[in-house]
Amino acid sequence: MGLLGGGVFAVIPNYISEISDDHVRGRLGSFLVLSCNFGLLYAYICGGYLEYRTVPWFLMPPSIAFMVLFARVSESPTYLLKSGRLNVRN
């Protein structure tokens, strides 16, 4: 999980920089840190009020929802160019 978590902090900023315009790039980039902080806050709140065996059942639904929604995200323009699936007009 540590490798995967570290990889997220390397991949997501690159993806955001490829798909976003300059004037919204900073705001979109800050959502990564903001969502991590809200996730930790949610875990701490659940851990403070729920039993040890109940906490994972409250932490799994947001993760599953993220995986389902992230599967619908399109590929980056750089990836599409490298794979030859994006037409470039001069």
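**Exercise 1. Sort the lining of the largest pocket by residue class: how many residues are nonpolar, polar and charged?**

Solution. 
- Take the classes in turn. The lining of the largest pocket has 21 nonpolar residues, 5 polar ones and no charged ones.
- This is a predicted model.
- The largest pocket holds about 1,300 Å³ of space.

**Exercise 2. Find which elements give two or more residues to the lining of the largest pocket, and which gives the largest share.**

Solution. 
- Three names qualify: α1 (2-19), α2 and α3 each supply two or more lining residues.
- The largest share belongs to α1, with 10 residues.

**Exercise 3. Describe how helix α2 and helix α3 cross: how close do their axes come, and at what angle?**

Solution. 
- Locate the helices. α2 covers residues 22-49, and α3 covers residues 55-70.
- Read the geometry. Their axes come within 9 Å and cross at roughly 155°.
- Apply the cut-off. Angles over 145 degrees count as roughly antiparallel, so α2 is roughly antiparallel to α3.
- Assign the hand. The crossing of α2 and α3 is right-handed.

**Exercise 4. List which residues of α2 meet which residues of α3, then class them.**

Solution. 
- From α2, take Tyr42, Ala43, Cys46 and Gly47.
- From α3, take Val55, Phe58, Leu59 and Pro62, which the α2 residues meet.
- Class the contact of α2 with α3: 7 residues are nonpolar, 1 is polar and none is charged.

Methods. Residues are numbered from 1 along each chain as its sequence is written. This is a predicted model: local features need pLDDT of at least 70, side-chain atom pairs count only at pLDDT 80 or more; totals for chains, interfaces and linings use all residues. Side-chain values use heavy atoms; hydrogens and water are left out. Axes are lines fitted to C-alpha atoms, for helices over the stretch in contact, and angles run from 0 to 180 degrees between N-to-C directions. Helices (H or I, at least four residues) and strands (E, at least two) are DSSP runs, numbered from the N terminus. Angles under 35 degrees count as roughly parallel, over 145 as roughly antiparallel, 65 to 115 as roughly perpendicular and the rest as oblique. A crossing is left-handed if the near helix is turned anticlockwise from the far one by less than a right angle, and right-handed if clockwise. Contact means heavy atoms within 4.5 Å. Ala, Val, Leu, Ile, Met, Phe, Trp, Tyr, Cys and Pro count as nonpolar, Asp, Glu, Lys and Arg as charged, and the others, Gly among them, as polar. On a 1 Å grid over the protein atoms alone, a cavity is a set of points where a 1.4 Å probe fits but cannot get out, and a pocket is an open set with protein on both sides within 12 Å along at least five of seven lines; lining residues have an atom within 4 Å of a point. Grid points are joined across faces, edges and corners, and a volume is the space filled by probe spheres set on the points.
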